[in-house]
Amino acid sequence: MHEVNAQKMERQIEAIKIDDSSASAFQMERKVHTKINRKEIIQAKLRKSCSCTTQRLKNTVLDFFPVLRWLPKYSYKEYIWGDIMSGLVIGIILVPQAIAYSLLAGLKPIYSLYTSFFANIIYFLMGTSRHVSVGIFSLISLMVGQVVDRELLLAGFDLNDDCYAIGIATALTFLAGILMGIFRLGFVSVYLSESMLDGFATGASLTILTAQVKYLIGIKIPRSQGLGMLVMTWFNIFRNIAQANLCDVITSTICIVVLVAAKEVGDRYKHKLKFPLPTELVIIVVATLVSHYGKLNEVYGTSVSGAIPTGFIPPQVPSFNLMFRVAVDAVPLAIVSFAFTVSLSEMFAKKYAYTIRANQEMFAIAFCNIIPSFFHSFATSAALAKTLVKTSTGCETQVSSVVSAMVVLLVLLFLAPLFYSLQKCVLACIIIVSLRGALRKFKDVPQRYYLNKVDTVVWCVTMLSSALISTEVGLLVGVAVSMLSIIGRTQRPHTSLLSQIPSTVFYENDQEYENLSPVPKVKIFRFEAPLYYANKDFFVKSLYKMTGLDPTLEAARRKKQDKREKEHLQKENQATNVNGFSQADTTLHLVPKQLDFQTIIIDCSSFSFLDIPGVNTLKEILKDYGALNITILLACCTPSVIDSLKRGGYFEKDDRNMHEMLFHSIHSAVQFYIILFITTDLAHLVRSRSLPALLVYETFFPS
């Protein structure tokens, strides 16, 4: 028997080689932090914030208007031509898009031009991004249009009532700006995942496409609202398809073919073109001339844009009474506007190696909504398509935004009446073709599913809810599903048992890698999530399943076995008195079942935090396994997790036993087990002369 134990012990020693240098007695001690006097800190901050010095006032002004910092350093020779070229191109694109997107907002084209002009000027003064193009954005226009149509219907006004419509839009815009700039609602955008934003944009694109079909074929149908809007609109389209205007259908077909062909050519040869083809402007000019001289409105009854006045309407304070009606709608509008602006700003800042200030971006986009709302403008945001065009045409700074604003101003002052005969179907074609990028996201679904199934579910749910219910509900559902997916991932995370990578101090999942060496008598358990109230039960069940031992059931089994043994012992004692058997014959019945492990090491490297239920769970595990003489060791705990364990009373009083329960690496925990348990067995074998003492010495203290 002793020879068998000796051979078994030799195999265990060979399986785990102890690195003497890593097994040194060095112990890491926590720093003693001085107690912070929060009262003094608050007083110091108040004194600093309330003090008014010349330098502080200057810095405040420079921070609020970043243009005052970079414009005096502007290099005209290096930047001016690129900024002028990109500004002219964006201005040329902006005019037809502004007029077209007025259909989405349910407003007259003049208000879209106002919005584009003021947004470019204000962002030039306050923005920190050098490249983003702020102005009319299709998704924002749609969200404004849905609120405008709803309020017009509730108030009993005709959808063409322009005064009440712009009143609703400016009240909504002002409130959205206030939520961003004053109440700092923009922080919510950090909870908007990329998958959710993509799904939201794609679902809204389907809604935009649906809303424009009636203009493509020249029919008049009621604009649906709320749940099932997409389905009801298509139902009304097919029900009234016989009333389609042939002139609008032909015009729409020609425009879409030309626009798509031009876009494809531009995408294919964009590396050879110095600036994108102004296809939209050419289409609008040609279509306007054909409509005017062909008298399409008078002869064929096609719908046209109508009169667009020149100049500026006197400013007006947004209606505070209307703000109460649209307060809830302003929340998603503010979140989406800020989220898209900051996302694009950060993306292009990273691409061109400079930094932006997210807080200042929030103020910039907030004031791009607040100030223009007094000048009959509606909500704005940064737009990806125009920003890409801006960078591809040589933009260097926001001076290009001033140039774009001047182009819009030229139209506002002189050229606006020339668009009177422009057909609405042409504007609808421009909007629909601009949705190509968002609608192409459907082709990426298989690849997205291959990369991450959970993100694909978030994308699909957000897209469907945005399209089939409403954009606001779609945003809310998307945020909820994103948060639930995070909770789900932490509630049922991946678990595994680890084994040693041969000849190293590292350990990995033995189900994922081959040729790993299991540590004798040790189970190393990894739980890839923080341990908190929502997943504590899953943690316990996974640990029991992985180790193959439920300590509560094992304790109950042993208790029942002890009871049976006592009863059996009593019977044997009675039999001994009768037959004369010795008590030594009964001792074999008292040997408990031997377990295949003596220690459990829990890899806590994925524990970003522990709450009170999490600490209590570890304490219960320590107690339950300790009752079976199984040691629990924790490895790779962060300082915050260690503090949680201390506060939760995981260790003994004054943390005396902490260094015997807590280790900075899995390997140090394994070494502790070897020294504590195997050496105990070795001492027994050496004393019984079943294992040479020289072998033990050479193993633990190699020369």
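## Cysteines

A disulfide is a pair of cysteine sulfur atoms within 2.5 Å. By that definition, this predicted model holds 0 disulfides.

Cys-429 is one of the cysteines in no disulfide. Its nearest cysteine sulfur belongs to Cys-255 and is 4.9 Å away. The cut-off is 2.5 Å, so a distance of 4.9 Å does not qualify as a disulfide. Cys-429 has 0% relative accessibility and therefore counts as buried.

Cys-604 is likewise in no disulfide. Here the nearest cysteine sulfur is that of Cys-637, at 3.7 Å. Cys-604 counts as buried because its relative accessibility is 1%, and buried means under 20%.

## Helices α5 and α6

Helix α5 covers residues 76-105, and helix α6 covers residues 109-126. Their axes come within 7 Å of each other and cross at roughly 130°. With that angle, α5 is oblique to α6. The crossing in which α5 passes α6 is right-handed.

## Residues in the helix contact

On the α5 side, the contact is made by Leu-94, Val-95, Ala-98, Ile-99, Tyr-101 and Ser-102. On the α6 side, the residues are Pro-109, Ser-112, Leu-113, Ser-116 and Asn-120.

Sorted by type, the residues of this contact comprise 7 nonpolar and 4 polar ones, with no charged residue.

Notes
Residues numbered from 1 in each chain as written. Predicted model: local features only at pLDDT ≥ 70, side-chain atom pairs only at ≥ 80, totals over all residues. Heavy atoms only, no water. Axes fitted to C-alpha atoms, helices over the stretch in contact; angles between N-to-C directions. Helix = DSSP H or I, 4+ residues; strand = E, 2+ residues; numbered from the N terminus. Parallel < 35°, antiparallel > 145°, perpendicular 65-115°, else oblique. Left-handed = near helix turned anticlockwise from the far one by under 90°. Contact = heavy atoms within 4.5 Å. Nonpolar A, V, L, I, M, F, W, Y, C, P; charged D, E, K, R; others polar. Buried < 20%, exposed > 50% of the residue type's maximum accessible area, 1.4 Å probe, protein only.
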